[in-house]
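Work through the exercises below with the model open in a viewer. Try each task before reading its solution.

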Amino acid sequence: MRWIGSSAKVRTHLLGSFARARWDRAFRRSACAAAVIAVLSSSELAAQGSAKALYVAAQNAEQRLHRSQELLAAKSEWVRVAKLYRKVVATHPQSGYCDDALYFEAELYREIDRRFGADGDAVERALDSYLLLANGYPSSKWARKARLTRGKVYLERLSDRKNASIELRKVTSLWPQSAEGLEAQRLLDSMTRLKRAARESEELPPGVVAVKNVRHWTSKEKEYTRIVIDLDDEVTFAEGRVEDPDRIFFDLRGTRLAKDLAARKFLIEDGFLRQIRVGQNRPDVVRVVLDFDSISEYKVFWLPDPYRLVVDILGTEPTAKAPSASVADNAPGATASSPEAGPAAASGTNLRLPPSPTRDGSLSVSRQLALHANRVVIDPGHGGHDPGTSRGGLVEKDVVLDISRRVAKLLEDDFDVLMTRDSDIFIPLEERTAIANTKGGDLFVSIHLNAARSARPGGTETYYLNLATTPDAAEVAARENAVTTRRLGELQSLLQKVMNNSRILESRDFATHVQDTLAEQLYTSKKDSRNRGVKTAPFYVLLGAQIPSILVEVAYVTNANDASSLNKVAFRQKVAESIAAGIRSYHRNLAPTMRIETAAAHAGSTSPY
């Protein structure tokens, strides 16, 4: 017996019984206990002992946590104990304690989610721990429960029926007659019944489209809100703006509200948008009304598969502020200088020069306003039930997550870095730029792997948002957007609404810095044929970004040499270093620093003037 009681209660741990049970189980795996001892080297025994010590330390820390009301109220203490369990796995991944450590780590994160968090971070960490347990230690007694719990979390906590179904079907497939398998089947049957009942209760006339949901993200600091209206199909709509009180409305023709959306209000109160109202305006028209206090502009576009109408709303433009001296001095690539800086200050001064023009000789609005980048948003492509491109054991969602984590690690000393996902979860395309916009991002980098119809193409290319100018770029965009090439021609009017010239110029320059650095560090020369250059395409993941945004296609999964490189940790690290260096290069170029000699340094010199 290990623990008594649920994860929310004080658990009583019998260390003596646990130790005997652990070693008894290890001995039973061999025909003879003496044979086991003969096989284990002294170093292996030492490692096992060290793993046990770490595991027992984590158990003791959890006991102390549950005994103290003060510690129970501190989220940081729960996270600290969870990290102690993960340390067992990180330092001794082959030990017999890893599966137990992962299970209790996951349980702690679920309790953290129940007690403290609505941001979803803890529940994602729990899912990650359960997955590592199920995949890394499939013979563990916890594997079945880990899989089942993942399914229940997706279903009950995240309302993600698709991922819940995937996890529950794995349980019924691997352990059909176990208690977990039977419970998983019961949940699957219940999901089927509910889906059938919902379909029957909301039977729509032919040609009528259901309006299923309204989602929103908002940022008071950036005065930006994104609203997404989920539908079963594309429809035509009318839009209008009315004063006194100020509001925007959208009439979606040929639509019917889902029952749980009927006469629904969504309170926003973000400083300019107050609420969203949804109602059945006429028998075949759903009206969505946006009530606001102040607004600068709004933009509307469609995203397909599944269909959703996206509305980006900008509040009244804030007054631009000149950066303070401390911001300029602390920017990456700059060196602080002050009267108290020491002897070096007497002989030279660091001056912030005017920004360099973009590579076509122009000065963008960002450069004219002397703006800097503080927060970089890294977006690992795909995730969850969307694996991206794959070849053999090489799966795009996993490779780009690894590279993205490395980029984030390299940048964290100079920038505030945010990742759109840090685990194997699915995030809709419209949410990715919404995260960047609402979390105060300054630069957005989406990282992907490429693919082609033949095995010949290979190398690296970087994109910024615009219409595709080559067939290859159109095909890459079609694949990443998961829509047919035919739909790309429909994006021209959409892009005219979403894009503005300043962002195009800045994103193009950003893409050039990153692509040049990738070419120089990966291939030794920009002239290498694997340097495929900077291109444009209408990527949905970049639509609506309010900041310079690029998409990097690191290498081709369909090219044998590229695939071989992608399987190597050293190559992934080099890619990450190159992307990070490109980001720094672009940022330094916004406002470079130059050191000049002061008059004091030349006090003894003779001047002809």
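A crossing is left-handed if the near helix is turned anticlockwise from the far one by less than a right angle, and right-handed if clockwise. The model is predicted: local features need pLDDT of at least 70, side-chain atom pairs count only at pLDDT 80 or more, and totals for chains, interfaces and linings use all residues. Residues are numbered from 1 along each chain as its sequence is written, and side-chain values use heavy atoms, with hydrogens and water left out.

**Exercise 1. The chain as a whole**

Task: state how many helices and strands the protein chain has, and what share of its residues is buried.

Solution.
- Elements: there are 20 helices and 20 strands in the protein chain. Helices (H or I, at least four residues) and strands (E, at least two) are DSSP runs, numbered from the N terminus.
- Burial: 47% of the 609 residues count as buried. Buried means under 20% relative accessible area, exposed over 50%, partly exposed in between (1.4 Å probe, protein chains only).
- Surface: the accessible area is about 29200 Å², and carbon and sulfur atoms hold 52% of that. The method is Shrake-Rupley with a 1.4 Å probe; for residues, only the protein chains shown count as cover.
- Contacts: take pairs at least 6 apart in sequence; 69% of these contacts join residues at least 24 apart. Contact means heavy atoms within 4.5 Å.

**Exercise 2. H6 against H7**

Task: find the angle between H6 and H7, and the handedness of their crossing.

Solution.
- Geometry: H6 (residues 98-115) packs on H7 at about 160°, with the axes 8 Å apart. Axes are lines fitted to C-alpha atoms, for helices over the stretch in contact, and angles run from 0 to 180 degrees between N-to-C directions.
- Direction: H6 is therefore roughly antiparallel to H7. The classes are under 35 degrees for roughly parallel, over 145 for roughly antiparallel, 65 to 115 for roughly perpendicular, and oblique for the rest.
- Hand: H6 and H7 cross left-handed.
- Residues: the H6 side includes Leu102, Tyr109 and Ile112, and the H7 side includes Ala126, Tyr130 and Leu133.
- Classes: the contact of H6 with H7 has 11 nonpolar, one polar and six charged residues. Ala, Val, Leu, Ile, Met, Phe, Trp, Tyr, Cys and Pro count as nonpolar, Asp, Glu, Lys and Arg as charged, and the others, Gly among them, as polar.

**Exercise 3. H7 against H8**

Task: describe how H7 and H8 are packed.

Solution.
- Geometry: the axes of H7 (residues 121-136) and H8 (residues 143-157) come within 8 Å and cross at roughly 150°.
- Direction: H7 and H8 are therefore roughly antiparallel.
- Hand: H7 passes H8 in a left-handed crossing.
- Residues: among those that meet are Leu127 and Leu131 in H7, and Ala146 and Val153 in H8.
- Classes: the contact of H7 with H8 has 10 nonpolar, two polar and four charged residues.

**Exercise 4. Two residues**

Task: is Thr462 buried or exposed? Which residues does Asp232 touch?

Solution.
- Thr462 sits in strand S17 (residues 460-465). Its relative accessibility is 0%, so Thr462 counts as buried. Beyond four places in sequence, Thr462 touches residues including Ala511, Leu518 and Ile550.
- Asp232 lies in the loop between strands S2 (224-231) and S3 (237-242). Asp232 is partly exposed, at 44% relative accessible area. Not counting residues up to four places away in sequence, Asp232 touches Val209, Ala210, Lys212 and Tyr307.
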